[in-house]
Amino acid sequence: MRILHTSDWHLGRGLHRTSLLEAQRAVMDHLVDTVRERGPDVVLVSGDVYDRAVPPLTAVRLFDDTLHRLADLGSPVVLIAGNHDSPARLGVGSGLLARAGIHLRTDPDRLAEPVLLHDGYGPVACYGIPYLEPALVRDRFGLTRGGHEEVLGAAMERVRADLASRPPGTRSVVLVHAFVAGGQPSDSERDITVGGVAAVPPSLFDGIDYTALGHLHGARALTDRVRYSGSPLAYSFSEADHRKIMWWIELGPAGELTAEAVETPVPHRLLRLRGTLEDLLSAPVPDGAADALVEVTLTDPSRPDDPLGRLSARFPRLLSLRHEPDTPPDATAPRYTERLRGRDDRRVAEDFVTHVRGGRGPDPAERALLIEALEAGRARDTDRDSLRESGR
């Protein structure tokens, strides 16, 4: 079974108010060309097709065009919803699309209904697990409490139960949109951490022949059989050094697996520069800087005059300008942005309570209330489409 694994297209997303539509069109063209040239038995898209629940019309048109071209090539596509997608909107017309070989899995109630594929060695059951927001799916799975690991564990129990009912020798593929331990996050993924650690262990997928992960934007093999394909484009300057790929997976008759990284085009280079304003203006211009998208971090002790205008003359595609003065040796107090860096929403909220109460942090009951409020807020954002449609 020949598998092409991609994810996290984020159609409709820009970079610091700069449109990436043409770059996204280029990587969709590359995807279609790869399918045409290699002829995979299935294309897997592991969530975050769009960047937001209500995408712009240009993104919808690009998605529609890509699906039409993939359907014309005859390779089945299995696609799941990510945490940026609206499951209700993305899932519209799934029954009709399935007739064209485009299989959408956006409803948690259908995650144990595999797309059954066949090659010369027998069946392959392909299961799609969309992003599971714990607060919204606990009741469906019969859970009274628990976070990401518990709900994803319950989902995998359903998958394994269905797989056990299949003929012996049936191989298995699972698409999952989640934060799995061992992946490397970047600045462009939305935080999904509330009520404990969001990362789930790769061992949750033990026994599955191949697990195609989405959510994190850096491609990585957590194990030989559990892999992130990453996003096809860099969506933040923290991804400047990412190698953007798709995974080409070949699954043998007994589940043996080989993997190959298929490079994706880089329509725009990201360039990160750091230093004082005078150093950046006087140093040689880096190769390719005229066409690169540029982020500059100024380290001057105080903010210099007109840095944007002076730097833009040298770097015409300067998108981000930051000021982070070099900390003197005797200055030990961290800046506010440094105190927040790397902290999830729960920790930020708890630290705020500690700050305003003069060093006394939340007690267990207060911590539980904070977690409940954060979960309710994210559940409301995730489910806002349903709320609008119901008139609430």
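How do the residues of the lining of the second largest cavity divide into nonpolar, polar and charged? They divide into six nonpolar, three polar and no charged residues, where Ala, Val, Leu, Ile, Met, Phe, Trp, Tyr, Cys and Pro count as nonpolar, Asp, Glu, Lys and Arg as charged, and the others, Gly among them, as polar. The model is predicted, so that local features need pLDDT of at least 70 and side-chain atom pairs count only at pLDDT 80 or more, while totals for chains, interfaces and linings use all residues. Residues are numbered from 1 along each chain as its sequence is written, and side-chain values use heavy atoms, with hydrogens and water left out.

**Sheet**

- Six strands form an open sheet in the order 7-8-9-10-12-11, with mixed pairing; strands are DSSP runs (E, at least two residues) numbered from the N terminus, and two of them pair if DSSP finds at least two bridges between them.
- Strand 7 (115-119) and strand 11 (220-223) are the edge strands, each pairing on one side only.
- From one strand to the next, the twist averages 20°.
- Strand 8 (residues 122-129) and strand 9 (residues 171-177) run parallel and are joined by six bridges.
- Ala 125 stands opposite Ser 172 in strand 9.

**Helix 6 and the sheet**

- Helix 6 (residues 148-164) lies across strand 8 and strand 9 and runs at about 160° to strand 8.
- Helices are DSSP runs (H or I, at least four residues), and contact means heavy atoms within 4.5 Å.
- Axes are lines fitted to C-alpha atoms, for helices over the stretch in contact, with angles from 0 to 180 degrees between N-to-C directions.

**Largest cavity**

- There are two cavities of 30 Å³ or more, a cavity being a set of points, on a 1 Å grid over the protein atoms alone, where a 1.4 Å probe fits but cannot get out.
- The largest cavity holds about 90 Å³ of space, a volume being the space filled by probe spheres set on grid points joined across faces, edges and corners.
- Its lining has 14 residues (those with an atom within 4 Å of a point), and the closest to the centre are Leu 132, His 148, Leu 152, His 177 and Ala 178.
- Helix 6 gives the most to this lining, with three residues, and strand 9 supplies at least two.
- By class, the lining has 12 nonpolar, two polar and no charged residues.

**Second largest cavity**

- About 40 Å³ of space lies in the second largest cavity.
- Among the residues that line the second largest cavity are Trp 9, His 30, Pro 232 and Thr 264.
- Helix 1 (residues 21-38) provides the largest share of this lining, four residues.

Notes: 1 Å grid on protein atoms, 1.4 Å probe; cavity = no way out; pocket = protein on both sides within 12 Å on 5 of 7 lines; lining within 4 Å.
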